[in-house]
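Please examine the sequence and the structure shown below.

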Amino acid sequence: MIRPMRPTDCEEMYNIALRSLKEIFLPEVFYGFFNQWQNGQIISCDFLGKPIGFICCTRLFDGGCRIMDTGKGLSFLIH
């Protein structure tokens, strides 16, 4: 199942990112992503609704964006 991110997903997103990505983020980063661009965050869930992965995007000041994809273990910038 795929659904939009909810504020209650931030802690689980942080845990997934620690397991999946090579970069280390502070937990507050995910709250910031959600507050900045709510429609840019997509969660994949198991059949019970527990988050198991995500694609997370945030707009940058220079007109680009940053994308994190835990399914591929990627974090990259687009300008």
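Predicted model: local features only at pLDDT ≥ 70, side-chain atom pairs only at ≥ 80, totals over all residues.

## The paired strands

Strand S1, residues 2-4, and strand S2 pair in the antiparallel sense, with three bridges between them. Within this pairing, Arg 3 has Ile 43 of S2 as its bridge partner.

The side chains of S2 alternate along the strand.

## A nonpolar surface patch

Ile 42 lies in S2, which covers residues 41-45. Its relative accessibility is 39%. Buried residues have under 20% and exposed residues over 50%, so Ile 42 counts as partly exposed. Together with Ile 2 and Ile 55, Ile 42 makes a nonpolar surface patch of about 280 Å².

Helix H2 spans residues 28-36, and its buried residues are Phe 30, Phe 33 and Phe 34. These residues cover an arc of only 95° around the axis, and therefore they are on the same side of H2. In general, an α-helix has 3.6 residues a turn, so residues three or four places apart point the same way.

Glu 28 and Asn 35 are exposed on the other side of H2.

## Ser 20 and Gly 53

Ser 20 belongs to helix H1, residues 10-20. With a relative accessible area of 28%, Ser 20 is partly exposed. Ser 20 and Gly 53 are 33 residues apart along the chain, and their C-alpha atoms are separated by 8.9 Å.

Terms used. Residues numbered from 1 in each chain as written. Heavy atoms only, no water. Patch = residues over 30% accessible without salt bridge, like charges linked within 9 Å, V, L, I, M, F, W, Y side chains within 5 Å. Areas by Shrake-Rupley, 256 points an atom, 1.4 Å probe, with all protein chains shown as cover. Salt bridge = Lys/Arg side-chain N within 4 Å of Asp/Glu carboxyl O. Helix = DSSP H or I, 4+ residues; strand = E, 2+ residues; numbered from the N terminus. Buried < 20%, exposed > 50% of the residue type's maximum accessible area, 1.4 Å probe, protein only. Arc of directions from axis to C-beta. Pairing = 2+ DSSP bridges.
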